[in-house]
Amino acid sequence: MTKEGQALTAANIRYLLVIRELDTQRRGVRGSDIAKQLGVTKPSVFAMTRNLLELGLVKKEKYGTVFLTELGQQKADQYEDCYALLLRQIEGSLRCTGADCRDVICELLAATPEENLPMLQMCLHCRDS
């Protein structure tokens, strides 16, 4: 659960993972870079950033640079491992690739209660071995 006690949506998870991916140096990410990576408009990024701010998952500087908060980083790390394992298995088993496959994985993760993510992660690691 987030700061507000809300479960994350698939879109929340997608944005967190993209911000994490783009911010390898922990210097923040510009909204235009997020928009480009996700193939969405800048107003969409603005709206989602505001949503993630309210959830306590990101902070935003005066000039629009977005950073993951400590909680946001924890959530992104937690979802990233499950996401990567699911992506590898789905791509390998179903020959599914691209944005549709990534969207389905984010939907699946959003539908999984956060307290069950460690168990999912463990099961996926076992299958991946």
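The lining of the largest pocket comprises eight nonpolar, one polar and six charged residues. In this classification, Ala, Val, Leu, Ile, Met, Phe, Trp, Tyr, Cys and Pro count as nonpolar, Asp, Glu, Lys and Arg as charged, and the others, Gly among them, as polar. The model is a predicted one, in which local features need pLDDT of at least 70 and side-chain atom pairs count only at pLDDT 80 or more, whereas totals for chains, interfaces and linings use all residues. Residues are numbered from 1 along each chain as its sequence is written, and side-chain values use heavy atoms, with hydrogens and water left out.

The space in the largest pocket amounts to about 340 Å³. A pocket is defined on a 1 Å grid over the protein atoms alone, as an open set of points where a 1.4 Å probe fits, with protein on both sides within 12 Å along at least five of seven lines; lining residues have an atom within 4 Å of a point. Grid points are joined across faces, edges and corners, and the volume is the space filled by probe spheres set on the points. Of the 15 lining residues, Arg-14, Val-18, Leu-38, Tyr-83 and Arg-102 are the closest to the centre of the pocket. Two or more lining residues come from each of α1, α2, α4 and α5, and α1 gives the most, with six residues. Helices (H or I, at least four residues) and strands (E, at least two) are DSSP runs, numbered from the N terminus.

Arg-14 belongs to helix α1 and is partly exposed, at 23% relative accessibility. The terms for exposure rest on relative accessible area: buried is under 20%, exposed over 50%, and partly exposed in between (1.4 Å probe, protein chains only). Neighbours within four places in sequence aside, Arg-14 is in contact (heavy atoms within 4.5 Å) with Asp-103 and Cys-106. Glu-107 lies 93 residues from Arg-14 along the chain, yet their C-alpha atoms are separated by 9.3 Å.

The largest nonpolar core contains 33 residues, and those with the most contacts inside it are Ile-19, Ile-105 and Leu-109. Such a core is a set of buried Ala, Val, Leu, Ile, Met, Phe, Trp, Tyr and Cys residues joined through side-chain atoms within 4.5 Å. Two or more core residues come from each of α1 (10-22), α2 (31-38), α3 (42-54), β2 (66-68), α4 (70-94), α5 (99-111) and α6 (117-128). Helix α4 provides the largest share, eight residues. Beyond its neighbours within four places in sequence, Ile-19 is in contact with Val-29, Ile-34, Leu-52, Val-58, Val-66 and Leu-68.

In α2, the residues Gly-31, Ile-34 and Ala-35 are buried. Viewed down the axis of α2, the buried residues fall within an arc of 100 degrees, and they therefore line one face of the helix. This arc is that of the directions from the helix axis to the C-beta atoms. The buried residues of α2 pack against α1 and α3. Gly-39, with a positive phi near 70 degrees, follows α2.

Arg-26, in the loop between α1 and α2, is exposed, with a relative accessible area of 57%. Although Arg-26 is not a glycine, its phi is positive, about 55 degrees. By contrast, Gln-73 in helix α4 is buried at 14% relative accessibility. Neighbours within four places in sequence aside, Gln-73 is in contact with Arg-20, Arg-26 and Leu-68.
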